[in-house]
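Have the sequence and the model open side by side while you read.

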Amino acid sequence: MYRASSEQYESSGVPDGQAQDRAKILLVDDSAENLISLEATLDGLGQDLVLAKSGTEALRYLLEDDFAAILLDVKMPDMDGFQTAEMIRARKRSRHTPILFLTGYKSDEHLFRGYDLGAVDFLFKPIVPEILRSKVTVFVELSRNTALLRRQADVLGRAEQKFRSLLEAAPDAMVISSEDGQISLVNSQAEKIFLCRREDLIGHNLRTIVPEWRCLSALNGSPREVSAIRKDQGMFPAEISLSPLQTEEGLLVISAIRDMTERKSAMDAIHQLNLTLERRVAERTQELFELNESLRHSNEDLNQFAYAASHDLQEPLRMVSLYSEMLRKKYAGRLDEMADQFITFVVDGAHRMEMLLKDLLDYSQAGTFTLGTAEAADCAKVMENVVLNLQAAIRQNRASITWGELPTVQAHEIRLVQLFQNLVGNAIKYRGPDPPKVQVTAERRDSDWLFAVQDNGIGIKPDYAQQIFGIFKRLHGNSYPGTGVGLAICQRIVENYGGRIWVESTPGAGSTFRFTLPQGTSPKP
Ligand code: ADP
């Protein structure tokens, strides 16, 4: 059987896209002559024409393809047009395909039967080509529109499917409602969060689950904290953010609702932890403050004790010193040799004791604030005083004392004199074989002044660099005069102004005592 296929049209130069757009029309007639004439009439429409010589053949084609229309001859041997139409209608695929009966008889019986079988129209032979063409054109249009509608429905269906999947994939409860809150769609997360089924939500107002829900226009778009209600009437904290959804039916509102119960309790726990921490810190600070206070008190007590002891001991000691001196002057050489030696021991011991007591007194006072508020003290002037005080030792040792540009600091001048004098005095006392050379410098370092007192003396072993600042700590025994209190006093003064003191030294190569004083130094409260 001859079939006017799309390939035929393609080979005649019709572009691909057009070939696909062409509708298929099934022409069924037992007469080849009629078929050819039908084909010739419809050829100009540019559609795919499929020719069948019998009902059976037509049914076979209908198994494989969808047709825009079937032109069916009524009178055919074996299976006539009506029988064929019956079978066509019986199949799901072709149930709605328009059938145009071609008949030579214009009988009512034919018409009734034909229309009963769902025929769309009748064409009476002899066929008028224009009428046939215009009717077929209408069917082709109809089929095109139906196909278009089907495609659009498909696209819409897929888009809706995608939208629903997106809605389902969201981690939050998604509720779609009208502007006044009437719910039309929810996702399964909403069922979980609100402990109810979709049907319990759809059709109800969003305010039944989120009483504070306000329409989009009332919000600025940012998430808002609200209280939400579960089906069991339990309230829970939630965060809601709304966004508009413009649809053909008008504006819809998407409400994304997040259950904040866990986050809130985590935040509460963190808040509690912070409070506990803050309380602990406050407690510890108070404890430290109290400890500091009690340390300060015991320090002051100790100072007072040291002061009182050294001060009160001075008087009886002066008596011992005075009378032992008198004893020596009056009885030296008049008693035996041993008695002379004993008297010498007593006199020396009393002198030494006097020195110790005096230094101890200085030490106990170096840490007190009896001097009042510190004024600005010029360190260069301090050095001039020091040199004056140490004149005898300087001359005796042929020492040279030099200093560069020295700053003015907020400190008590008398303390600075004590500090510099102890360090310069030691630099002369612990001299090496060469005449002592002492150099005092100062430079800025961060917020401090860094002072250095450098000498060319005997030096100190690094192991003792810390010890020498302890009270009564001495490294060179009785070969040098002294009580071992000088550096302890220096440390006390420096620390009292918030600074630090240390020594850098190489035995035999001299020592450098360094200390810091904060710029604008005044004693620590
Ligand atoms: P002292 O009355 O013995 O001089 P200090 O407290 O001033 O007491 O010094 C403690 C010890 O540190 C000294 O006995 C001495 O051994 C050592 N010392 C201090 N200054 C120097 C220095 N410039 N060079 C070497 N040794 C020093």
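Leu195 sits in the loop between H8 and helix H9 (198–201); helices here are DSSP runs of H or I with at least four residues, strands are E runs of at least two, and both are numbered from the N terminus. Leu195 has a positive phi of about 55°, even though it isn't a glycine. Another loop, the one between E5 and helix H7 (129–169), holds Pro126, and the peptide bond from Lys125 to Pro126 is cis, with omega near -5°.

A quick word on the source: this is a predicted model, where local features need pLDDT of at least 70 and side-chain atom pairs count only at pLDDT 80 or more, while totals for chains, interfaces and linings use all residues. Residues are numbered from 1 along each chain as its sequence is written, and side-chain values use heavy atoms, with hydrogens and water left out.

Back to H8 (residues 188–194), which contains Gln189. Leaving aside neighbours within four places in sequence, Gln189 is in contact (heavy atoms within 4.5 Å) with Ala170, Pro171, Asp172 and Ala173. Lys24 is 165 residues from Gln189 along the chain, and their C-alpha atoms are separated by 49 Å.

Now for the sheets. One is open, with five strands in the order E2-E1-E3-E4-E5 and parallel pairing; two strands pair if DSSP finds at least two bridges between them. Strand E2 (48–52) and strand E5 (121–124) are at the edges with a single partner strand each, so one side of each has no neighbour in the sheet. From one strand to the next, the twist averages 20°. E1 (residues 24–28) and E3 (residues 69–73) run parallel and are joined by four bridges, and Leu27 has Leu71 in E3 as its bridge partner. Helix H4 (residues 55–64) packs on this sheet, touching E1, E2 and E3, and its direction makes about 140° with that of E2. Axes are lines fitted to C-alpha atoms, for helices over the stretch in contact, and angles run from 0 to 180 degrees between N-to-C directions.

Another open sheet has five strands in the order E12-E14-E15-E17-E16, with mixed pairing. Its edge strands are E12 (400–403) and E16 (501–505), each pairing on one side only. E12 and E14 (residues 437–445) run parallel, joined by four bridges, and Thr402 stands opposite Gln439 in E14. Helix H12 (residues 379–389) lies across E12, E14 and strand E15 (448–454), at about 170° to E12.

What about helix against helix? The axes of H14 (residues 413–429) and H15 (residues 486–496) come within 9 Å and cross at roughly 140°. Where they meet, H14 brings residues including Leu419 and Asn426, and H15 brings residues including Gly486 and Leu487.

How many residues surround the ligand? There are 21, and the closest are Asn426, Tyr430, Arg474, His476 and Leu487; a residue counts if one of its heavy atoms lies within 4 Å.

| Residue and its polar atom | Distance to a ligand oxygen atom |
|---|---|
| Tyr430, side chain | 2.8 Å |
| Thr483, backbone | 3.0 Å |
| Gly486, backbone | 3.3 Å |

Taken alone, the ligand exposes 530 Å², and the protein buries 98% of that (areas come from the Shrake-Rupley method with a 1.4 Å probe).

Definitions and conventions:
A polar contact is a pair of N or O atoms within 3.5 Å; within protein, one must be able to donate a hydrogen and the other to accept it, and residues adjacent in sequence count only if both atoms are side-chain atoms.
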